[in-house]
Amino acid sequence: MKISKKLCLLGVTAAMTLGVLAGCGSGSGGNSAKDDKVLNIWGMGEEVKQLSKMTDKFTDETGIEVKIQSIPWSNAHDKLLTAVASKSGPDVLQMGTTWMPEFQKAGALADMSKYIEKYDNLKAENFYHGSVETTKFDDKYYGIPWAAETRVLFYRTDVLEKVGYKEAPKTWEELEDAAKKLAARGDDKYGINIDSKEQTLGFMFARQNGSPLLEDGKPVFNKKPFVDAVSYLNDFIQKGYSPKEDLGLDVSQTFSGDDAMVPMFISGPWMAKTVKDTVKDVEGKWAIATLPKKENNTSSMGGSNLTIFEYSKKKDDAAKFIEFMARPENQLEWMKLTDALPTALKAWEDDSLKSDPVYSVFNEQLQNSEPMPLIPEFEEIAQNYLKHFEQIYLGGADVQKEMDAFNQESEATLNK
């Protein structure tokens, strides 16, 4: 999967080398009596180090000490598999939503249903529906939503107004019309960036066009709703409304200037900060909007959950920590430290979020976001989709034939 750095910081599963595993406390393969009294937390990237600013309060409240391991995400997948095989790992681990199916199936995650019954702050109704879905397998819950992520439309308000759009496009038809008019501004001008390396985009638009993606466990990627969505995206590229290939430029170049090269793109919450920090002279000239609608405007739900490692000997203490982090006030604190969007609905009642034009749109879209299919094979299927889409937009291949082949290969993947 092509995952943005920000998303990886929020969402990819934490894991350790065997050498570090040997040094962890109870439930982590360690022998230190001191470590046996410590709750071990695994999280990803530099941002997880911010947890230390919140754990003193947890320790004061519960008497439970916390040890945080900030893990590079580049080789996390293999290291976590090693932890599962050795039955040695943390007590609490941050799990990317897209990895939940694989590691739940591998037996790495403890069923948290009894803790959800015990603690009001962990109940499903407290969180976005799409976030909760990433934790649920066979009517049991294997994690608690912690950080939310979705996709929205970024656009230059001033540039779109010049072509007759005082608001963001609200339908597929308006999106194509706006992109056409924007691309007509001249050479090296486009309407929107269709990111051909973003694996969720095709599936997301297919859902908006009424595709269930899977029916009775079988892919329907060669059926009309999916095929038409791929054709719709491909048309932007073929008609010159979107760059055909990566321009080699970042948003500070493509989204800037009085007549931005690419005035619209679809991205996640990390990009809002990037625009603010890197695009010059754009304040008051850009906004975000929920995605344009066809049958619906469902976006993709990502982010990360807090889970309990199945082989932890401190599951009760781990649940206490997760309950602490799930409280709305603590999710707000975590957002202030890291920019991670809260999953707790009550956190969004805070005035600092309700009155903010960017956060309020993310909140609206998060209420209409669903995760990609929660199957262990989805990563492989999504990567294969990108290969077929490349044959279409770059190689000129027939959309239906490519989707027939893609569907057949996906069936084989699911039947392994």
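**Helix α9**

I began with the length of helix α9, residues 172–183, in this predicted model. At 1.5 Å a residue, its 12 residues should span 16 Å. I found the end C-alpha atoms 16 Å apart, so the span agrees with expectation.

Next I asked which residues of α9 are buried. They are W172, L175, A178, A179, L182 and A183. I then looked down the axis of α9. The buried residues fall within an arc of 130°, so they line one face of the helix.

What covers the buried residues of α9? I noted that the cover includes α8 (157–162), α10 (199–208), α11 (224–238) and β10 (264–267).

**Aromatic pairs**

I searched the whole structure for aromatic pairs and got 28. One of them joins W99 and F103. Their ring centres are 5.9 Å apart, with 45° between the planes. I logged that pair as tilted. I checked burial too: W99 and F103 are both buried.

I also looked up W348 and Y359, which form an edge-to-face pair. Here I read 6.4 Å centre to centre and 70° between the planes. This pair links distant parts of the chain, with its two residues 11 apart. W348 sits in the loop between β14 (341–342) and α16 (351–354). Y359 belongs to helix α17, residues 357–366.

Is W348 buried or exposed? Its relative accessible area is 4%, so I count W348 as buried; the cut-off is under 20%.

**Aromatic cluster**

Last, I listed the members of one aromatic cluster. They are F203, F221, F226, F378, Y385, F389, Y393 and F406.

Key
Residues numbered from 1 in each chain as written. Predicted model: local features only at pLDDT ≥ 70, side-chain atom pairs only at ≥ 80, totals over all residues. Heavy atoms only, no water. Phe/Tyr/Trp six-rings, centres within 6.5 Å; stacked < 30°, edge-to-face > 60°. Buried < 20%, exposed > 50% of the residue type's maximum accessible area, 1.4 Å probe, protein only. Helix = DSSP H or I, 4+ residues; strand = E, 2+ residues; numbered from the N terminus. Expected span 1.5 Å × (residues − 1). Arc of directions from axis to C-beta. Contact = heavy atoms within 4.5 Å.
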